[in-house]
Amino acid sequence: MPISWNEIRSRAITFSREWTGVARERAEAQTFWNEFFKVFGLTRRHVASFEEPVRGLSGSYGFIDLFWKGILLAEHKSRDKDLDKAHCQAMDYIQDLQRENRADEVPRYVIVSDFAQLALHDLEEDVTVQFPLAEFHRHISHFGFIPGYKQHKIEDEDPINIRAVRIMGDLHDALEAGGYSGHELERMLVRALFCLFADDTGIFERDAFKLFIENHTKADGSDLGPQLALFFQVLNTPKERRQKNLLEELAELPYVNGELFAESLRFAAFNSDMRNRLIACSRFDWSRISPAIFGALFQAVMESKERRQIGAHYTSERDILKVIGPLFLDELRAELDKAKHDRRKLRALHERLASIRLLDPACGCGNFLVVSYRELRKLELEILKRLEHGRGDTQKMLDVGALVKIDVDQMYGIEIEEWPARIAEVAMWLMDHQMNLLLSETFGQYFARLPLLKSPHIHHGNALRIDWNDLLPADRCTHVLGNPPFVGKRYRTTSQSADHTALWSSVRGSAKLDYVTCWYLKACQYIQNTNITSAFVSTNSITQGEQVPILWPELFEKYGLKIHFAHRTFQWESEARGRAHVHVVIIGFGTRDVAQKTIYEYENGRGDSTSVPASNIAPYLIDGSDLVVKAREKTICDAPQIVYGSMANDGGYLVLDAEQRREILRQAPQVKRYLRPFLGSVEFINSMPRWCLWLVDADPTTIRKIPALVTRIRKVKAHRSNSTRDTTRELAATPTVFGEIRQPDVNYLLIPKNPSQRRRYLTVGFMPPSVIASDQCLIIPGAGLYEFGVISSAMHIAWLAAIGGRLKSDYRYSNTIVYNNYPWPQDVADAKRRAVEEAAQRVLDVREAHPDASLADLYDPLSMPVDLAKAHAKLDRAVDRCYRAQPFANERNRVEYLFRLYEQLTSPLLPAKPARKKKR
């Protein structure tokens with residue numbers, strides 16, 4: 001078994017720290033690679049050799065730096081050497097291997113490095129990943145082939161899906177390059193996809209489409225366009241209206257209808273290569289492709305070859321079920337269980353299923369609608385089985401199709417791009433056909449809905465600019481659901497910004513809201529005065545930080561929204577290689593209140609959830625009131641004031657790494673008096689040395705006599721002068737000093753701005769005024785052991801996790817939202833305060849006992865020393881007792897307590913509301 005990813009990640013951090021920031025020579029390369037393999041739990045000599053000889057074209061021998069036969073070839077250069085040349089040299093070696101009849105030894109992967117950068121080339125997938133060695137731990141998933149992990153594409157799906165999509169994608173690109181593009185290209189390919197599926201699933205006679213292309217079109221492809229048009233035209237013509245002299249193969253095709261083949265399109269011009277690609281696609285077994293991921297696979301067809309990543313738009317069925325389960329499916333299943341074999345109740349439930357109307361206003365390729373439809377059909381099948389149970393022999397039913405009430409026209413979607421909208425339609429028909437086959441197998445009768453008399457209602461348009469009632473009147477809709485786009489403020493396109501402004505312009509501060517909030521507003525407007533329930537997947541940022549007090553009061557107060565269920569933050573995983581995980585929440589809501597509310601929690605945002613009943617779900621997705629935490633300039637408690645560190649705004653010319661510091665001291669030793677240690681979050685946590693030029697009180701005459709200083713100061717001035725911001729250009733008048741100076745003249749407590757959520761505690765520490773804190777930190781001048789203890793506690797990080805924003809997966813610690821709103825313990829007895837101070841000192845003492853370890857080492861969940869863990873546990877107990885005598889069972893209990901205390905502190909004139917006891 002390979003070692004765990006967590007262990008690999010931990011080793012990668014240690015490895016990169018040891019090899020980063022120090023000038024290295026190529027002679028150390030073998031030591032580098034020996035240590036590199038240890039990261040993955042391997043001994044290098046057991047799998048790979050150094051200096052592997054290979055004879056070149058001229059007959060002389062070259063030597064591969066590192067060679068793992070059939071797997072990996074590595075070339076290493078000295079620091080700052082050209083990696084492109086190293087890559088070219090590696091490719092020359094591969095050609096030499098092939099020339100020497102050593103093709104079975106040719107590797108799939110090539111790595112080149114210069115100690116500072118690492119580049120991995122996947123020759124099979126034609127993918128390259130390059131990054132600084134210091135970021136190695138962030139990219140280890142790309143190296144899964146070394147310890148033996150299988151690289152994932154789309155979970156639990158046969159690789160034929162991937163190959164088929166690539167061929168279809170190439171066909172799309174070729175047609176588009178030939179001038180057949182846009183709507184016609186998209187519609188034609190959707191028709192072809194339907195026919196490929198129909199060939200293998202009983203809609204057509206087996207291989208009818210493939211055989212027609214092979215037997216009735218020319219090998220050069222010249223007549224393939226007109227022949228496809230004829231094939232599609234026949235599918236759209238009732239049998240009684242077809243021409244009498246059609247080929248027998250065409251005459252026997254079923255009448256499909258459904259508007260899929262109705263539109264007249266120009267003929268596409270094919271060549272032999274394009275024809276061969278289409279035939280190659282027809283040779284796959286399309287019956288094995290689930291319509292639930294059908295759309296996601298073929299969304300990739302529309303992307304250019306350079307950007308195409310299979311599965312990039314795929315939402316796993318597991319995650320879709322997290323939405324539709326509590327939204328409607330769990331209740332329907334419970335009703336089915338309650339009905340048992342009561343025919344009256346079963347018929348009533350069947351009618352209810354037939355009345356359901358779902359709207360996905362950002363449906364993409366229809367994944368949510370397709371999975372929802374499948375689950376409804378499964379419920380219907382179980383109802384039919386129970387209804388027919390009393391008859392004994394279900395094989396004698398006259399017409400099983402007459403019993404089916406659920407159809408695709410119950411599904412509604414809005415999609416801004418035409419190709420996904422058309423794919424969604426086809427995916428719905430394919431799922432309907434598969435469910436009809438399942439019905440056929442269950443009751444022993446073949447049932448197929450041909451011709452297609454009903455269609456899913458997929459509207460091609462901008463959901464934020466149309467009235468949803470025009471597609472589905474609200475009084476007929478039962479549920480709204482989906483996964484609207486994840487786009488933050490900084491990444492919106494011009495058109496997306498215009499959409500956002502059109503909806504939110506009347507709400508103060510709304511420019512900060514994520515794009516997904518537009519769908520919440522539209523949904524609230526749509527479901528007014530109805531019993532519609534809704535659920536959206538959203539970035540977790542709308543339940544944290546500065547967005548909460550902007551978004552949720554508007555939805556609560558103006559539209560009467562109530563949250564019915566919520567999945568707290570978890571990883572919404574794309575199955576595409578190289579795609580980052582997105583941290584999301586799922587929020588189910590309506591305008592009527594419900595008695596039973598549920599919160600779903602995850603351990604570290606992964607795995608299965610645990611459901612917890614709630615009396616009310618707050619916008620922070622905890623059991624609490626609808627109160628929101630707003631930004632404030634001063635603390636709500638009697639606590640020391642907090643500020644950000646100093647901001648250089650220097651273009652990097654007042655800040656120096658270790659090598660730059662050595663160089664400037666070599667040039668001008670007298671500069672030493674102006675150098676100060678300089679800490680941001682990364683430097684503080686990882687014990688990475690950096691310095692800055694602190695010229696606040698420097699004598700101008702002295703500065704002018706030091707050329708090395710003058711050069712840097714001129715560059716600072718140029719950087720600020722060239723800025724587009726007025727305030728930055730004004731700073732060009734004082735290029736010797738930082739743009740914003742907030743350095744205290746007393747000891748201070750330093751808090752990283754973006755601490756990792758992997759750590760159980762905030763990594764904070766005391767610093768003297770001689771150490772300059774950057775604006776990537778927050779500082780509390782004059783803080784003592786008590787403040788250190790509380791901020792280092794489980795209570796404080798629980799508060800941060802609940803209301804702080806996120807930067808990717810890391811917390812975002814802020815003064816106005818997190819610290820100034822934090823409910824500190826009230827009326828703390830001296831003895832309890834001393835207990836916190838003593839426990840805090842113990843934490844500091846234990847840290848000092850590990851002088852060679854950084855805070856990142858000490859607080860890594862995998863490597864945290866036992867004595868430090870015990871010291872923090874003692875500190876937690878001491879801080880907890882300052883709040884109450886009863887221990888807190890978990891983080892959620894802590895947060896709920898803190899919110900009740902916050903409500904008391906911010907509403908001092910109102911009597912505190914006792915916590916409502918939950919029903920057992």
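Figure 1. Helix α15 (residues 418-443) comprises 26 residues and reaches 38 Å from its first C-alpha to its last, close to the 38 Å expected at 1.5 Å a residue. The model shown here and in the other views is predicted. Helix α15 is mostly covered, with 21 of its 26 residues buried. Helix α14 (residues 367-387) has 21 residues, which at 1.5 Å a residue should span 30 Å; the end C-alpha atoms of α14 are 30 Å apart, in agreement with that expectation. Helix α14 is likewise mostly covered, and 18 of its 21 residues are buried.

**Figure 2. Salt bridges of helix α12.** The structure holds 45 salt bridges. In one of them, the side chains of Asp319 and Lys322 meet with an N to O distance of 3.1 Å. Asp319 and Lys322 are three residues apart in helix α12 (residues 317-339), so about one helical turn separates them. Asp319 is buried, with a relative accessible area of 1%, and Lys322 also counts as buried, at 13% relative accessibility. A salt bridge also links Arg352 with Glu335, whose closest N and O atoms are 2.5 Å apart. Because Arg352 lies in helix α13 (residues 343-355) and Glu335 in helix α12, this pair ties together parts that are 17 residues apart in sequence. Arg352 counts as partly exposed, at 28% relative accessibility; Glu335 is partly exposed, with a relative accessible area of 28%.

Figure 3. Lys562 and Asp626 form a salt bridge in which the closest N and O atoms are 3.3 Å apart. Lys562 belongs to strand β12 (residues 562-572) and Asp626 to the loop between β15 (606-614) and β16, so the contact ties together parts that are 64 residues apart in sequence. Lys562 is buried, with a relative accessible area of 17%, whereas Asp626 is partly exposed, with a relative accessible area of 27%.

**Figure 4. Patches of charge on the surface.** A patch of positive charge on the surface gathers Arg842, Lys874, Arg877 and Arg881. Helix α29 (residues 866-883) gives the most to this patch, contributing three residues. Arg877 is located in helix α29 and counts as partly exposed, at 43% relative accessibility. A patch of negative charge on the surface is made by Glu205, Glu248, Glu249 and Glu252. Glu205 is found in the loop between α6 (182-201) and α7 (208-216), where this residue counts as exposed, at 60% relative accessibility.

**Figure 5. Two asparagines with positive phi.** Most residues other than glycine have a negative phi. Asn101 has a positive phi near 60 degrees and is found in the loop between α4 (83-99) and β4 (109-113). Asn649 has a positive phi of about 50 degrees although it is not a glycine, and lies in the loop between β16 (643-644) and β17 (655-656). Asn101 counts as exposed, at 71% relative accessibility, whereas Asn649 is buried, with a relative accessible area of 18%.

**Figure 6. Arg166 and Arg277.** Arg166 is found in helix α5 (residues 160-177) and counts as partly exposed, at 33% relative accessibility. Although Arg166 and Arg277 are 111 residues apart along the chain, their C-alpha atoms are separated by 9.9 Å.

Methods
Residues are numbered from 1 along each chain as its sequence is written. This is a predicted model: local features need pLDDT of at least 70, side-chain atom pairs count only at pLDDT 80 or more; totals for chains, interfaces and linings use all residues. Side-chain values use heavy atoms; hydrogens and water are left out. Patches are made of residues with over 30% relative accessible area and no salt bridge: like charges are joined within 9 Å, nonpolar side chains (Val, Leu, Ile, Met, Phe, Trp, Tyr) within 5 Å. Accessible areas come from the Shrake-Rupley method with a 1.4 Å probe; for residues, only the protein chains shown count as cover. A salt bridge is a side-chain nitrogen of Lys or Arg within 4 Å of a carboxyl oxygen of Asp or Glu. Lys and Arg count as positive and Asp and Glu as negative; His and the chain ends are not counted. The place of a charge is taken as NZ of Lys, CZ of Arg, CG of Asp or CD of Glu. Helices (H or I, at least four residues) and strands (E, at least two) are DSSP runs, numbered from the N terminus. Buried means under 20% relative accessible area, exposed over 50%, partly exposed in between (1.4 Å probe, protein chains only). The expected span of a helix is 1.5 Å times one less than its number of residues.
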